[in-house]
Amino acid sequence: MADVSRTRGDITTHPDVGEMRDRYARMLGGRDVALVDGPVFLLGLYCAASPWILHFTTSQPALVTHNLIMGIAIGLLALGFTRAPERMYGLSWAMSAIGVWLIISPWIVGESPDAGVIVSNIIIGGLAVVLGFVCAAASAKSTPKA
């Protein structure tokens, strides 16, 4: 049987370490916000599901449709950030705009929304604004200057 209790050496001694680093850099495309894509997708998922999580499907039917559409839009932006980051990070400002809209939408779209709906949309919108700014800042930092 193999002795697996030995400590393994550092990966820097691996014969293909240079090729592995190059491949990893190509896969990431030089972007710094690879870890932001997941939270953005989860935010969109929560936004789309929030009417059923907070049980305002019967009291705010217009806001149900609104949050579902906005959640799907945020989720699609996250998938785009993951799939084609060099094309999509210019749209990170759109996510910030969606966040601002989500903050004010309970009073515009909803009809006398209760505190839970308002707080939920403010939190979702605030997180969308912050994550949009993080994506935009990373995109501006990683975009080569002409």
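Helix H3 passes helix H5 in a left-handed crossing (near helix turned anticlockwise from the far one by less than a right angle; right-handed if clockwise). The model is predicted, with local features requiring pLDDT of at least 70, side-chain atom pairs pLDDT 80 or more, and totals for chains, interfaces and linings using all residues. Residues are numbered from 1 along each chain as its sequence is written, and side-chain values use heavy atoms, without hydrogens or water.

The axes of H3 and H5 come within 11 Å and cross at roughly 165°. Axes are lines fitted to C-alpha atoms, for helices over the stretch in contact, with angles from 0 to 180 degrees between N-to-C directions. H3 and H5 are therefore roughly antiparallel (over 145 degrees). Helices are DSSP runs of H or I, at least four residues, numbered from the N terminus. In contact (heavy atoms within 4.5 Å), residues of H3 including Leu63, Met70 and Phe81 meet residues of H5, among them Met95, Trp101 and Pro106. This contact has eleven nonpolar, four polar and no charged residues (nonpolar: Ala, Val, Leu, Ile, Met, Phe, Trp, Tyr, Cys and Pro; charged: Asp, Glu, Lys and Arg; polar: the others, Gly among them).

H2 (residues 37–53) and H3 (residues 61–83) have axes that come within 7 Å and cross at roughly 165°. H2 passes H3 in a left-handed crossing. Contributors include Gly44 and Ala48 of H2 and Gly71 and Gly75 of H3. The contact of H2 with H3 divides into 14 nonpolar, six polar and one charged.

How values were computed
Helix = DSSP H or I, 4+ residues; strand = E, 2+ residues; numbered from the N terminus. Parallel < 35°, antiparallel > 145°, perpendicular 65-115°, else oblique.
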